[in-house]
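Biologist: Can you walk me through this one? Keep it simple, please.

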Amino acid sequence: MRLLIFLGCIFATHCVQAQLVPYGSIWKYYDLGMAPPNQSGVTWKQNAYDAMSWASGPAELGYGDGDEATPISSSTLTGYFRHAFVVNDPGDYDSLQLFLTYDDGAVIYLNGNEIWRVNMPAGTITYNTFASSNSGDNAQASIKLPNTFITGTNLLAVEVHQRSASSTDLSFDFNLTGIPAPGVAFIVRGPYLQKANDTSLVVRWRTNIPTPTMLDFGLSMATLTQSVIDTV
């Protein structure tokens, strides 16, 4: 069977992506034993910062537990991580749901502004600031926050801190989900494929509300010449 399916969802207005930063995403990271140097007054957590020289890899990032997808330097007291994503229309989202995997403490910034700190002391945070206490391995935390997206490229910046200089492991992964505004359609399950044979294939997906959807398909991304429309 040569049939290759390429999917695209086109709602009556537009398709909203609820999960904006999935677990296991690729992050830029800095693990050189100090805070990233400023660039003409621009700090590492700001959108304008040039992190092209930083290494990158998929989460989970860290060291010491043996389950890391991307190991970083084991001499790191504080790891710094950046991930950019695009929001076409901030008005599509009512609020934000954040999920953090960490060890031992973390501070999270969105577009240069601190939005959450977990197991960290109050006040100014530096490279040598230790977490408030030991956390469990791959500890989990979550929070719901107001929508502070900007139109276009948004930047998540996260610093993860050890509890002490003798700590032997550091862990980081992250998930950011945008909770859609009332009346905005989005996919809650799928798309996925079923009942494939030599002449047909079933494509299934589910949306949160009834909404017109178009499926474009073809043998390559350049030849999506056939379409199926479902009105509900």
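Modeller: Let's start with a term. Two strands pair if DSSP finds at least two bridges between them. Strands β2 and β3 are joined by four bridges and run antiparallel.

Biologist: Where did the coordinates come from?

Modeller: This is a predicted model. The mean pLDDT of the protein is 89, and 93% of its residues reach 70 or more. Over residues 7–13, though, the pLDDT is below 50. In the model that stretch still has 25 contacts beyond near neighbours in sequence. Where pLDDT is low, the predicted coordinates should not be read in detail.

Biologist: Back to the strands. What is the order in the open sheet of six strands?

Modeller: The order is β3-β2-β6-β11-β8-β9, with antiparallel pairing. β3 (55–58) and β9 (113–118) stand at the edges. Each has a single partner strand, so one side of each has no neighbour in the sheet. On average, neighbouring strands of this sheet are turned by 25 degrees against each other, direction ignored.

Biologist: Which residue stands opposite proline 58 in β3?

Modeller: Isoleucine 26 does.

Biologist: And how many bridges join β2 to β6?

Modeller: Three, and those two strands run antiparallel as well. β2 covers residues 26–30. Tyrosine 29 stands opposite phenylalanine 81 in β6. Tyrosine 30 stands opposite tyrosine 80 in β6.

Biologist: Is phenylalanine 81 buried or exposed?

Modeller: Buried. Its relative accessibility is 0%. Phenylalanine 81 lies in strand β6, residues 78–87. Phenylalanine 81 also belongs to an aromatic cluster with Trp27, Phe172 and Phe174.

Biologist: What separates phenylalanine 81 from phenylalanine 130?

Modeller: Their C-alpha atoms are separated by 17 Å, and they sit 49 residues apart along the chain.

Biologist: How many aromatic pairs does a search of the whole structure find?

Modeller: Eleven aromatic pairs. One of them is tyrosine 80 with tyrosine 127, and that pair is stacked. The rings are 6.5 Å apart centre to centre, with 20 degrees between the planes. The pair counts as stacked because planes under 30 degrees apart are classed that way. It links distant parts of the chain, 47 residues apart. Tyrosine 80 is in strand β6, and tyrosine 127 is in the loop between β9 and β10 (139–146).

Biologist: Are those two tyrosines buried or exposed?

Modeller: Tyrosine 80 is buried at 2% relative accessibility. Tyrosine 127 is buried too, with a relative accessible area of 11%.

Biologist: New topic. How many residues of strand β8 are buried?

Modeller: Six of the six, residues 105–110, so β8 is largely enclosed by the rest of the structure. In a regular strand the side chains alternate between the two faces of the sheet. Both faces of β8 are covered. Gly105, Val107 and Tyr109 are buried on one side, and Ala106, Ile108 and Leu110 are buried on the other.

Biologist: Which strands does β8 pair with?

Modeller: β8 pairs with β11 (residues 152–161) over six bridges, in the antiparallel sense. β8 and β9 also pair in the antiparallel sense, over five bridges. Isoleucine 108 has a bridge partner in each: valine 158 in β11 and tryptophan 116 in β9.

Biologist: How many residues lie between β8 and β9 in the hairpin?

Modeller: Two. Asparagine 111 in that turn has a positive phi of about 55 degrees.

Biologist: What about aspartate 104? Where does it lie?

Modeller: In the loop between β7 (93–103) and β8. Aspartate 104 is buried, at 3% relative accessibility. Leaving aside neighbours within four places in sequence, aspartate 104 has contacts including Asn119, Ser133, His161 and Arg163. Aspartate 104 and methionine 120 are 16 residues apart in sequence and 8.7 Å apart in space, C-alpha to C-alpha.

Biologist: Last one. How many salt bridges are there?

Modeller: The count comes to one salt bridge. Side chains of opposite charge can pair when their charged atoms come close. Here the side chains of glutamate 114 and arginine 117 meet, at 2.7 Å from N to O. That is a salt bridge because the cut-off is within 4 Å.

Biologist: How exposed are those two?

Modeller: Glutamate 114 is partly exposed, with a relative accessible area of 38%. Arginine 117 counts as partly exposed as well, at 26% relative accessibility.

Technical notes:
Residues are numbered from 1 along each chain as its sequence is written. This is a predicted model: local features need pLDDT of at least 70, side-chain atom pairs count only at pLDDT 80 or more; totals for chains, interfaces and linings use all residues. Side-chain values use heavy atoms; hydrogens and water are left out. Buried means under 20% relative accessible area, exposed over 50%, partly exposed in between (1.4 Å probe, protein chains only). Axes are lines fitted to C-alpha atoms, for helices over the stretch in contact, and angles run from 0 to 180 degrees between N-to-C directions. Rings of Phe, Tyr and Trp (its six-membered ring) pair if their centres lie within 6.5 Å; planes under 30 degrees apart count as stacked, over 60 as edge-to-face and the rest as tilted. pLDDT is the predictor's confidence in each residue, from 0 to 100. Contact means heavy atoms within 4.5 Å.
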